[in-house]
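Have your viewer open and your selection tool at hand. We will go from stop to stop, and at each one you will hear what to select and what is there.

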Amino acid sequence: MFEVRPTANDEEYAAAVYGIGQYFGPPLDEARVGRFSQVLPFERMHGAWEDGQIVGGAGAFPFELSVPGGVLPCGGVTVVGVYPTHRRRGALRAMMDAQLRDIHERGEPVAALWASEETIYGRFGYGLAAWSGEVHLPREWNAFARPFERKGQTRFVTQEEAATLFPPIWTALMERRPGVFQRTKAWWELRTLRMPDEEAANPRRFALLEIDGEPQAYAIYRQFPSWSEGSSTARLEVTEVIGATPRADAEMWRFVLDIDWYATLETGLLPLDHPLLLLLANPRRMKMRVGDGLWVRLVDVGAALTGRAYSADGAIVFDVRDAVCPWNERRWKLEGGAAARTDEEADIALDVDALGSAYLGGVAFRELAAAGRAEERTPGALGRADAIFSWRPLPWCPEIF
């Protein structure tokens with residue numbers, strides 16, 4: 001049996017994070033513990049102990065996550081790992097169970113994560129809720145499909161300026177898209193804008209678009225120069241381009257695409273309805289590779305369903321199965337934008353991971369049923385549920401956490 005509890009000091013914290021960290025690099029030193037604990041507090045980092053030694057860890061950032069029509073508290077699950085000496089012995093399950101209870105007790109109705117391996121988290125109730133695309137675009141194919149008359153002015157800004165000017169633009173994205181987590185001041189300074197020593201040769205560049213004197217979009221990117229036979233083979237790595245409006249998105253992307261000397265632009269984490277797919281004259285040249293993005297877990301089904309907005313009126317009864325969080329395992333009636341327990345017959349039966357997939361509006365109940373992940377018990381219920389839950393734009397999380 002493993003003892004699972006929150007870490008209490010630097011030593012325990014570093015050892016718990018090393019449960020996953022050892023697969024990617026050295027242990028956390030004092031400076032890295034100091035930085036990381038500002039965004040992931042000690043009490044949100046669980047360790048698994050055996051015989052007085054930490055053998056694994058699981059953290060959860062205290063997030064605010066955009067959901068359709070609003071924002072909810074969310075446990076942003078991260079740095080989950082077990083030491084190779086203790087794999088396949090139940091440590092992961094013990095940590096995930098303890099973490100979900102902790103998230104529930106904190107009143108966070110939703111948990112979310114990026115999966116290092118897509119087969120791990122379904123058994124703990126997480127469902128694939130958003131897709132993510134990776135792009136490799138040769139410079140010669142960067143033209144827009146329609147003439148584009150430029151608006152506004154783009155300028156470079158310092159880290160200090162970016163810390164003030166970029167966050168409102170990110171917040172505007174949250175108001176447009178579900179799946180975006182609110183970045184704290186510490187997050188901006190220590191993760192988004194910080195220049196690690198290992199990036200000194202190819203530093204992050206910060207560009208700001210202003211339209212009518214107002215900040216409307218920003219870009220963060222890095223350049224990797226190289227040459228072959230007298231021609232540039234350089235790579236332009238775009239970390240993120242974020243606009244407050246669709247027009248600002250297009251303007252900022254036009255700036256990035258027009259940067260000189262790169263041969264290939266690379267970026268990732270794009271949603272399937274990203275404007276580049278229709279802005280570009282030759283979108284197939286992006287060679288977009290699609291994979292799983294954000295995974296969502298409803299920790300409190302009633303509070304989560306009540307906490308988002310819906311695209312249509314109507315009632316639907318779900319029979320929810322949840323082997324990990326027994327407080328969710330019952331029939332829930334969604335009506336008038338609120339969910340409550342009910343004894344009425346179910347319209348749709350499904351596991352909680354499938355409901356998590358549909359929660360942000362990016363996966364349809366019909367799709368889940370076609371994959372054997374949902375059962376329609378009342379004729380027409382799948383179509384009714386899709387009309388109620390569907391949401392545009394699609395969910396998007398622009399950063400892996």
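Start with the second largest pocket: select V82, R88, L92, E117 and I120, which lie nearest its centre among the 23 residues of its lining. A pocket here is an open set of points on a 1 Å grid over the protein atoms alone, with protein on both sides within 12 Å along at least five of seven lines, and lining residues have an atom within 4 Å of a point. Now colour α1 (10-21), β4 (70-82) and α3 (91-105), the elements that give two or more residues to this lining. Helices (H or I, at least four residues) and strands (E, at least two) are DSSP runs, numbered from the N terminus. The volume of the pocket is about 620 Å³, a volume being the space filled by probe spheres set on the points, with grid points joined across faces, edges and corners. Its lining divides into 12 nonpolar, five polar and six charged residues. Ala, Val, Leu, Ile, Met, Phe, Trp, Tyr, Cys and Pro count as nonpolar, Asp, Glu, Lys and Arg as charged, and the others, Gly among them, as polar.

A word on what you are viewing: this is a predicted model, where local features need pLDDT of at least 70 and side-chain atom pairs count only at pLDDT 80 or more, while totals for chains, interfaces and linings use all residues. Residues are numbered from 1 along each chain as its sequence is written, and side-chain values use heavy atoms, with hydrogens and water left out.

Next, select the lining of the largest cavity: V238, T239, E240, V241, W253, T267, G268, L269, L270, H274, W396 and P398. A cavity is a set of points where a 1.4 Å probe fits but cannot get out. This one has a volume of about 70 Å³, and β13 and β14 (262-270) each supply at least two of its lining residues. Most residues other than glycine have a negative phi, and most peptide bonds are trans.

For another positive phi, go to K287, where the angle is near 50 degrees. K287 sits in the loop between α8 (276-279) and β15 (289-292). Is K287 buried or exposed? K287 is exposed, with a relative accessible area of 59%; exposed means over 50%, buried under 20% and partly exposed in between (1.4 Å probe, protein chains only). Then find the cis peptide bond from R392 to P393, with omega near 0 degrees.

Now select D249 in helix α7 (residues 246-257). D249 is buried, at 9% relative accessible area. Show side chains, and you will find a polar contact of 3.3 Å between D249 and R176 (a pair of N or O atoms within 3.5 Å; within protein, one must be able to donate a hydrogen and the other to accept it, and residues adjacent in sequence count only if both atoms are side-chain atoms).

Finish at strand β16 (residues 294-298), where five of five residues are buried. L294, V296 and L298 point one way, W295 and R297 the other. Strand β5 (residues 110-114) pairs with β16 in the antiparallel sense over five bridges; strands pair if DSSP finds at least two bridges between them. Select V110 and its bridge partner L298. Strand β6 (residues 127-128) also pairs antiparallel with β16, over two bridges, and G127 stands opposite V296.
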